[in-house]
Amino acid sequence: MFAMLFFVRIPLIILLLISSFTAYSARTSAQEMTIPNFWDKHERFQKPDLTSLVRLKFITTTDFPPFNFIDRKKRLAGFHIDLARAICEELNVLQRCQIQALPWEELLPAVEKGEAEAIIAGFAVTDQTRKKLNFTRPYMQIPGRFVVKKDSGLSAPAYNAIFKKLTGVVKGSSHKAYFDEVFSNRKSMEFNTREAALSALQSDEVSAVFTDALSASFWLQSEASGECCIFLDGAFLSSEFFGNGMAIAVSKERDELENALNFALYQINANGKFAELYLRYFPLGLF
C-alpha cells in the first residue's frame, strides 16, 4: 500500500470553509503572500506532439480537500481537478481529457492495467513508489510553518523569536522531528493532536505552534481560531522530514507522457495559471 504525501488527511469539515474562500481574502492583508515557484525560468521543455494520444485520463480520490473532493453540488472538485483541466487545455487535448475519482487502493492498479494515464492524488514520491511509477516534477510542497498570536510581539526570524519560548508540536509527527533537528536548543511541548496544540496557543500555554502549513492555514480562517493568530516567518521545507513534494504519477512505460505533463506544468507556472489556482484554493497562502 502506497502512502499519501501527508501524514494526515484534512477533516471533511474543511469543505464548509472552501466554498467561502476568495482569491483575495481580507485576512491575507496583514501577511505577505508568496506564490511558490518550483521551476527554473531558464529551463526549457519541448512542446510535445500528442496527435496520436487517444485519451488523457487522470484519476484521483474524493477525500483529500481542498485538492480533490465532492462539492455541495455532488461534483468532483478541487485544486487537482482544476489543475488537470489546465494541463489538458495547455496540451490542446481537452476533447480527449477525462478525470475520474476512484478509491485510493484502486489508483495504482488502474494505471498498471492501462485504465488511466495519470494519478493526480498526492502519491508520495519515494524510492518505493518510483519502482512502480514515473513522476513529473513537483508542482506543490506543503511546508512547515510557525503559528503565533497576533499580539505576541514575536517577529521573524522564528529561530530568534522562540528563544526561551515554548513551541507546541504534535507528538510523533514529522514536524516534531524536524523541530528537534533544526531547533534543537529551543524548547517544545508535545500534544497528542494539532487541535490541542493550537488550543494551548490560544490560552497562552505555549507561545507558538509548529505544524504543516495546509492545516494551519485552514485553522487560521476558521471560527475555531477566533482570528487570534497569524503565521510567523516563512516556510520551512525538508524532503527528509516533509517529503519530496506533490507530483503527477504515470506508468513507467510512458516517458513521453511524463515529458508532456512537465511541459504543461512549466507553461502553467509561466503564464500565471498556477498562481490563479493557488490563490483560489489557498487564499491565506502556504509559503
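A disulfide is taken here as a pair of cysteine sulfur atoms within 2.5 Å. The structure is a predicted model, in which local features need pLDDT of at least 70 and side-chain atom pairs count only at pLDDT 80 or more, whereas totals for chains, interfaces and linings use all residues. Residues are numbered from 1 along each chain as its sequence is written, and side-chain values rest on heavy atoms, with hydrogens and water left out.

Under this criterion, the structure contains 2 disulfides. Counted along the chain, the bonded cysteines follow the pattern 1-2, 3-4. One link connects C88 and C97, with 2.0 Å between the sulfur atoms. Its S-S torsion is about 65°, so the disulfide of C88 and C97 is right-handed. The other link joins C228 to C229 at an S to S distance of 2.3 Å; with -90° about the S-S bond, this disulfide is left-handed. Burial was assigned from relative accessible area (buried, under 20%; exposed, over 50%; partly exposed, in between; 1.4 Å probe, protein chains only). Both C88 and C97 are buried. C228 counts as buried because its relative accessibility is 17%, and C229, with a relative accessible area of 6%, is buried as well.

Aromatic contacts were then examined. Rings of Phe, Tyr and Trp (its six-membered ring) pair if their centres lie within 6.5 Å, and planes under 30 degrees apart count as stacked, over 60 as edge-to-face and the rest as tilted. The structure holds 27 such aromatic pairs. In the pair of Y178 and F241, the ring centres are 5.7 Å apart and the planes lie at 85°, so the arrangement is edge-to-face. This pair links distant parts of the chain, with Y178 in helix α6 (residues 174-182) and F241 in helix α9 (residues 239-242), 63 residues apart; helices are DSSP runs (H or I, at least four residues), numbered from the N terminus. Y178 is buried because its relative accessibility is 8%. F274 and Y278 form a stacked pair, at 6.3 Å centre to centre and 20° between the planes. These two residues are 4 apart in helix α11 (residues 273-281), so about one helical turn separates F274 from Y278. Both F274 and Y278 are buried.

One aromatic cluster comprises F146, Y159, Y178, F179, F183, F210, F236, F241 and F242. A charge is assigned to a ring if NZ of Lys or CZ of Arg is within 6 Å of the ring centre and within 35 degrees of the ring normal. R145 lies over the face of F231, at 4.1 Å from the ring centre.
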